[in-house]
Amino acid sequence: MRLSTVQGRVGSVRASPFRAARAAASHAKAPRGLRSEARPTGSAGSTVVPRAVGEFPSAGKVVEDYGENPAAPVDGGKPAIKKLLCANRGEIATRVFRAAHELGIRSVAIFSDEDRLQVHRYKADESYLLHSDDRELSPVGAYLDIETVIKVAKENDVEAIHPGYGFLSENTDFARRCEEEGIIFIGPSAENLNRFGDKTRAREIAIECGIPVIPGSQEEGLDVDAAYAYAKDIGFPVMIKAAMGGGGRGLRIVRTEAEFKPAYERASNEALQAFGDGRMFLEKYIENPRHIEIQILADTYGNTVHLYERDCSVQRRHQKIIEVAPSVGIEEKTRLAMYEDAKKIAKHVGYVNAGTVEFMLAPDGQHYFLEVNPRVQVEHTITEEITGVDIVQSQILIATGSSLADIGIQSQEAVRCDGFAIQGRVTSENPEDDFRPDSGRIEAYRTPGGPGIRLDGAIASGGSQLPYYDSLLVKCIAHSGTFVGAARKLESALSEFRVRGVRTNVPFIMNVLKHPKFLSGTADTSLIESTPELFDFPLLPTDLPSKLLRYLAHTAVNGTKHPGAVGEYPKGLPDPVIPRVPLEFRDQVGKGGWRPLLLEKGPAEFARSLRAHKGLLLTDTTMRDAHQSLLATRVRTYDLLGGAEYASWALQDCMSLEVWGGATFDVSMRFLNECPWERLEQLRAKIPNVPFQMLLRGVNAVGYTSYPDNLVKEFVKKAHSSGVDIFRVFDSLNYIDNLLFGIEAVLETDGVAEGTICYTADLTDPSRPKYNLDYYLDLARQLVDAGVHILGIKDMAGLLKPASAKMLVSALRREFPDMPIHVHTHDTPGMGVASMIAAAEAGADVVDCACDSMSGMTSQPSMGSLLNAFKGTDLDTGLDAERVLRLSAYWEQVRAQYGQFESGMRSGSSEVYEHEMPGGQYTNLKFQAMQNGLVKQWEEVKGAYRMGNKILGDIVKVTPSSKVVGDLAQFIVQNKLTEDSIVDLAPKLDFPQSVVEYFQGYLGQPPGGFPEELRRGVLKGKPTVSGRPGSDMEAFNFAVEEGKIVDKYGKEAMSELNVISRALYPQVFDDYYEKKKKYSDVSILPTKAFLRPLETDEKIVLDVGKGVKAEIVFKAVGDRQANGCREVFFELNGLPRVVEVVEESVAIGDALSMAKEKANPSDEGSVGAPMAGQVIDVACKPGQDIKAGDPMVVLSAMKMETTVSCPIDGTVAHVAVKSKDNVAIGDLLVMVEQ
């Protein structure tokens, strides 16, 4: 095992931190199989060999013997100190502590109050809080407070301080104070820091040395006007750079004059926060260069070597992401020139210790001096890998008196270059959201390994990634014999990473490592911004278990609170037993059924075959209308899939299964947090052989209003391609224009068009002549003329009595002898089986029913009853009663889980003949009444439903027209209206939106027209539509909607199906997707885990992918914390996991603090924090008029500032934050009203 500071290194062995000098003769020949032609001779005593992608670099690349050092101490390899402090945090502090430990030095950590639980403090032998008695120290300010750091060092007998990188590493005053206090500063002298820490002074030194520099200002400053004038002189684009510091902070590229001053001020402010110095300087910006840096090492005896170069060209916002050592594809004369220039400038100023000389390599091959970083670099790791030189130990040894020879570097020739190393900086940034920093608890952390892999980090599972500091999580380094080999090794290692709790840039780094331009070795600094495909991430399995833990934790603390649920989830209820097809019949699964014929012959032949079939065919509605009618549409995909495979076998002789459409579309998103499209596709995969049927509301698709024609047609097209075969097309008012459009949309997809007549009133009642036999026959003729394949009769309330069924079906059969007839009813009055028998005997080809345990009352008639009624007759259904009963037993167990959503009906009720309420609406309307505080007035609501229907003109009642009647009924009860008073008071009342839109004609034209007096009172002059509503609507712009989804949720949310879902239900989709982002796919949870909190020690097993399972055990809920949260404890796959959840029941006025106000994602004017961080500036105030794009709040997170702009024009109603507030993602910043 490797005993150096390499973290997690596997697969190589060395006896000490440094490789011994090797005789040049032992490297006279290149390894077998490599290119061996000589390369040009550089400076005196130097020889070089060219390198290419996939090739091993040669040893002995530059040879410079600087001879013996008589001034060097005899025992210089042993440090003369016993205790060392690292004035830093995170991974670099940990790196320093490891180096100190290997040298036998006691290590000391410092930490801010916010960092008190961070890993680095526990890696040291001692650790101390940075605290000041006379002032408050900010999270960053604590590490920048020189006197506090010095005080900790003095009080604890520290002899040397290593500054790491960033913070005080380049601060001259800090180095000088160390010298004044007799503390060794591990780094260059204060004089050298002064020279090179000041970027403009370093530039002057380079000019003195004759090293090429980029045109730029010679003086740094804070005067934006002077800088602006100079920028105009040298010409745009220019680069604004921080005079002190690096790492991409305080750096901006400005291409136009208009951008300059705001960019300068932001960069200066960023530099001030990061480095304590806001002075800036300018340089001419060179397009598409490569960023090459030379690592140097120099002792106090005048000896200087380079440790070869690093290519740091893969950058984002001038922050390095991937580094390579050595570089690839650079001409050797250029490489040698940079080596010589690096050593030249170091020797010119008598530089001591480790440092990096950075160059910009222009496309024409000219190199320019950029700066000297007088400290250890983040990417020093890859140099250590290719040279075997431990740079951090070298820093310590040189600072304590050792010479280069003492630490094993006898000459430049002794510095070997072995293979290639690549480092990827894994950060908590989301590349799909402009690399927005993320912070929070590290819920899980699993690392890679293997030969040639090294990890430098300071994080652990259960720790926190804080928003105040750099977003770096861990550095992953791969070392291999070739450049391509190292790239592949690093990509493989990154694929093993599992970081849960915060987003990471791992997918992005992997894309870069696989990109041909990177692998060619010619990537420049424009790679990321010029290669958009780097942001095309594969659809990898999401972090299901970790996100689902958040849902389970939320329910454990706050309960489930499912809308419409009454009472508690039944105690001790066993899981439903999934029915299995007997082994001897397994080969039949998915092979029989009517669908193969439909796919082979098409809809017309399918319809002819239906008509020619001698027995009665059934459609099973269990998976759609049955649970909509009985259980408020709450049955989850999990349970539908549980019975799907068995149903494909047991019900293969059914004409179809109704599985989709109607209310299931929006309810799956609205209440179940599921994607309706995924439900359809998953069921189709389980049941490939039986045709699927859906309910299509004509021009309303699956919504409650009219939509543009192109949107409806695209919906139908996608529904067909996702698995729907038969479209039961109806219109809520039987408005023929709407029906014809829906049929046209289906015929264009090559689906089966079932033109449907909605049945209402009573054919046997002569007192209601509006809906007589002629009415229905005339409507049927128009449907047949439109080219439908099947005639449907939809009795949505259970009003079709046996005599009426016989009369209507017989008349249709006489007029349309070759047309299949399909009848649907509800069993609300208990007459459904009798009506379906009458319809079948009158000539119907197909009738709807449901599995016995899901039938009756507001659902469909019993399948078992119909099966047995016709068994052995000419109308035999062909279904096996035993198989059907086994399936019914499963659904009985499933139904028990949803007892909280039952309507409360215990039997059929003939009162449906009075109120005529659709079966599918009954439970949903009762739930709405409960939400509106009318649950005790339910009987009144039912009476008002009948009154509302009469007031509206006795209309057909099916979604969405039934919703109009239901909304009006509740409105009548709430306002204590009567049939007479509602007309008189209409001009003064604000009616429900659905009622207003009905009278505007947005649903179409009702039979007999509108009651005009009431219409005028309701509309109050609002515009009306006289024809088909969608015909005059502007075409839906899919591209605009795609952009909205990407802007709001990122590319991962972009799909054609999501576009349609959001177009139909914008608010519902947004709420659903916000929950999906938070909890992932809750549809895979067992229903008991979704509907109720888990019990202590309860275990659930989840299928999270093909051949992948996750086991979750709930353990306990912790005490409430001061921030109003509780910790919830689980075991995930046997390992402890902790999730923190806000307790929503914390009362106002409680001694514990309330959680901050949260933004409402569905309200554009409710502007939330896009990331966790600190408020730097608030640029608006209540009452101020504001326009879209105006800045409102400036946030700082992980040393990066973000300006939050106003999304809409309006007025600032409320500002929820002030300067220096800390905010979490989603906290309300500003409320804007339009």
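Start with the open sheet: four strands, in the order E31-E32-E33-E34, with antiparallel pairing. This is a predicted model.

**Stop 1: the edges.** Select residues 1099-1105 for strand E31, then 1135-1142 for strand E34. These are the edge strands, and each pairs on one side only. Now view the sheet as a whole. On average, neighbouring strands are turned by 35° against each other, direction ignored. In general, strands of a sheet pair through backbone hydrogen bonds, either parallel or antiparallel.

Stop 2: Select residues 1125-1132, which make up strand E33. Eight bridges join E33 to E34, and the two run antiparallel. Which residue of E34 is the bridge partner of Arg1126? Pick Val1141 to see that partner.

**Stop 3: the helix across the sheet.** Select residues 544-558, helix H17.

Stop 4: Is Ser1061 buried or exposed? Its relative accessibility is 1%, so Ser1061 counts as buried; the cut-off for buried is under 20%.

**Stop 5: around Ser1061.** Show the side chains of Ser1061 and Trp677. A polar contact of 2.9 Å joins them.

Notes: Residues numbered from 1 in each chain as written. Predicted model: local features only at pLDDT ≥ 70, side-chain atom pairs only at ≥ 80, totals over all residues. Heavy atoms only, no water. Pairing = 2+ DSSP bridges. Axes fitted to C-alpha atoms, helices over the stretch in contact; angles between N-to-C directions. Contact = heavy atoms within 4.5 Å. Buried < 20%, exposed > 50% of the residue type's maximum accessible area, 1.4 Å probe, protein only. Polar contact = N/O pair within 3.5 Å; in protein donor to acceptor, adjacent residues only side chain to side chain.
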